[in-house]
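Here are some notes to read alongside the model.

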Amino acid sequence: MEFEVFGWWLLLAAFFQLSSIHGCLREERVALLQFKASLNSSYDYLTSWDSSQEESNCCDWARVECDNTTGHVIKLHLFHLRDFSNIDLEVWYLNASLFLPFQELKYLDLHGNGISGWVPNEGMFILFCFSFSV
């Protein structure tokens with residue numbers, strides 16, 4: 001009897017652990033796709049970021065790392081995403097509010113993207129939490 005009760009508790013604990021492991025959160029996936037659209041670059045360095053499939057797991061995308069337990073994005077390696085071989089490359093003003101949905105983001109690398117400035121009053125305060133070079 002004791003073993004049977006312990007076995008059920010073990011099975012229940014395993015179920016809850018497995019149910020907590022899931023793909024990325026919808027709002028974080030949408031924010032990543034919005035960031036990609038904002039790049040103003042003719043070359044697509046983020047081909048794995050698929051907007052055509054609603055259920056695409058952004059935790060499997062290149063340059064994205066997620067927490068295995070919560071599914072939240074925790075690291076974004078977004079360096080050198082813009083093609084500077086094109087002399088007519090448009091200036092890029094970063095809309096920092098695109099990063100607001102990332103509740104557990106701990107690391108953000110944006111260096112080498114030629115950020116010209118920031119969109120005024122669009123969440124710039126959130127980037128003060130990160131150390132990055134532009």
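1. What percentage of the residues of the protein count as buried? Among the 134 residues, 34% do. Bear in mind that this is a predicted model. The secondary structure amounts to three helices and five strands, and from the N terminus the elements follow the order α-α-β-β-β-β-β-α. Taking contacts in the protein with a separation of 6 or more, 65% are between residues 24 or more positions apart.

2. A word on confidence before the details. Mean pLDDT for the protein is 78, with 70% of its residues at 70 or more. The stretch to treat with care is residues 14-21, where pLDDT stays under 50. For that stretch the model has four contacts beyond four places in sequence. Where pLDDT is low, predicted coordinates should not be read in detail.

3. Now to the nonpolar core. The largest one has 26 residues, and the members that touch the most others are L32, F35, W49, V73, L76, L78 and F99. At least two residues of this core come from each of α2 (26-37), β1 (64-66), β2 (73-77) and β3 (92-94). The element that gives the most is α2, with four residues.

4. Setting aside residues up to four places away in sequence, L32 touches W49, C58, W61, V64, V73, L76 and F102. Two of the residues named here, V73 and L76, are also listed among the core members that touch the most others.

5. Helix α2 deserves a point of its own. Its twelve residues reach 17 Å from the first C-alpha to the last, close to the 16 Å expected at 1.5 Å a residue. The buried residues of α2 are E28, R29, A31, L32, L33 and F35, and the buried residues of this helix pack against β1, β2 and β3.

6. Is R29 buried or exposed? R29, in helix α2, has 5% relative accessibility and therefore counts as buried, the cut-off being under 20%. Beyond its neighbours within four places in sequence, R29 is in contact with C24, D50, S51, Q53, E54, S56, C58 and W61.

7. Three strands make an open sheet in the order β1-β2-β4, with mixed pairing. Why is one side of β1 and of β4 (107-109) left without a neighbour in the sheet? Both strands stand at the edges and each has a single partner strand, so one side of each has no neighbour there. On average, neighbouring strands of this sheet are turned by 15° against each other, direction ignored.

8. The two pairings are worth checking one at a time. β1 and β2 run antiparallel, joined by three bridges, and C66 stands opposite V73 in β2. These two strands form a hairpin with six residues between them, and G71 in the turn has a positive phi of about 85°. β2 and β4 pair in the parallel sense, over three bridges, with H77 opposite D109 in β4.

9. Which residues other than glycine have a positive phi? R63 is one of them, with phi near 70°, and H80 is another, at about 45°. R63 is found in the loop between α2 and β1 and is partly exposed, with a relative accessible area of 22%. H80 lies in the loop between β2 and β3 and is also partly exposed, at 42%. As background, most residues other than glycine have a negative phi.

10. Finally, please look at S41, in the loop between α2 and β1. S41 counts as partly exposed, at 22% relative accessibility. Its C-alpha is separated by 5.4 Å from that of R82, which is 41 residues apart along the chain. Leaving aside neighbours within four places in sequence, S41 is in contact with L81, R82 and D83.

Note on methods. Residues numbered from 1 in each chain as written. Predicted model: local features only at pLDDT ≥ 70, side-chain atom pairs only at ≥ 80, totals over all residues. Heavy atoms only, no water. Core = buried A, V, L, I, M, F, W, Y, C linked by side-chain atoms within 4.5 Å. Buried < 20%, exposed > 50% of the residue type's maximum accessible area, 1.4 Å probe, protein only. Contact = heavy atoms within 4.5 Å. pLDDT = per-residue confidence, 0-100. Pairing = 2+ DSSP bridges. Axes fitted to C-alpha atoms, helices over the stretch in contact; angles between N-to-C directions. Expected span 1.5 Å × (residues − 1).
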